[in-house]
Amino acid sequence: MPIKGGDVLERLPNVPKGISEIDASLVFGEISRLCEQAKALYSQTFTRYQAEVTCHEREKAHLTEQFEKEGALLRKELWAKESKVSELKRHVREITYKRDTLQEKREDAIVTSAQAGRVLEEAEMKLTLAMECAQL
């Protein structure tokens, strides 16, 4: 059902009764102009929004690239530190082995020294006995 200009004007607030068709055409012209202005503002806003999105996408790409570079650098540093730790652990194992070997040799030397002391005491006793027997 088509709407006539008068019917629409009757629904608008603060529109005086009895507006003519010519006045309605002026109102619709103004409405058309305002619609065009709204379209232009929408277009500008959308264009600005697209520009901001593009800017944020570039910034995101840049930050992602920096993040990846820093991650690679950190992984490289971590690998180097892990390598150094492995080398130090190997060195500690070698030193521990050498220490344990020296400790065993020291213990062996103490045992050998004690045995030598007993052998020496026995030899001295035998020598003393032999000298006493020789004097008799």
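Which side chain does D100 meet in a salt bridge, and at what N to O distance? I looked this up first, and found that D100 pairs with R99 at 3.0 Å, N to O, where a salt bridge is a side-chain nitrogen of Lys or Arg within 4 Å of a carboxyl oxygen of Asp or Glu.

Before going on, I note that the model is predicted, that local features need pLDDT of at least 70 and side-chain atom pairs count only at pLDDT 80 or more, while totals for chains, interfaces and linings use all residues. Residues are numbered from 1 along each chain as its sequence is written, and side-chain values use heavy atoms, with hydrogens and water left out.

**Accessibility of the pair.** I then checked how open these two residues are, taking buried as under 20% relative accessible area, exposed as over 50% and partly exposed as in between (1.4 Å probe, protein chains only). R99 is exposed at 52%, whereas D100 is partly exposed at 35%.

**Other salt bridges.** R33 and E30 form one, with their closest N and O atoms 2.5 Å apart. Both residues sit in helix α2 (residues 21-135) and are three residues apart, which means that about one helical turn separates them; helices here are DSSP runs (H or I, at least four residues), numbered from the N terminus. R33 is partly exposed at 44% relative accessibility, and E30 is also partly exposed, at 36%.

E65 and K69 form another salt bridge, at 3.3 Å from N to O. They are four residues apart in helix α2, so about one helical turn lies between them. E65 is partly exposed, with 41% relative accessibility, while K69 is exposed at 55%.

**Nonpolar surface.** I next looked for patches, which are made of residues with over 30% relative accessible area and no salt bridge, like charges being joined within 9 Å and nonpolar side chains (Val, Leu, Ile, Met, Phe, Trp, Tyr) within 5 Å. Y42, F46 and Y49 form a nonpolar one on the surface, with about 370 Å² of accessible area together, as given by the Shrake-Rupley method with a 1.4 Å probe, only the protein chains shown counting as cover for residues. Y42 lies in helix α2 and is exposed, with 57% relative accessible area.

How values were computed. Helices (H or I, at least four residues) and strands (E, at least two) are DSSP runs, numbered from the N terminus.
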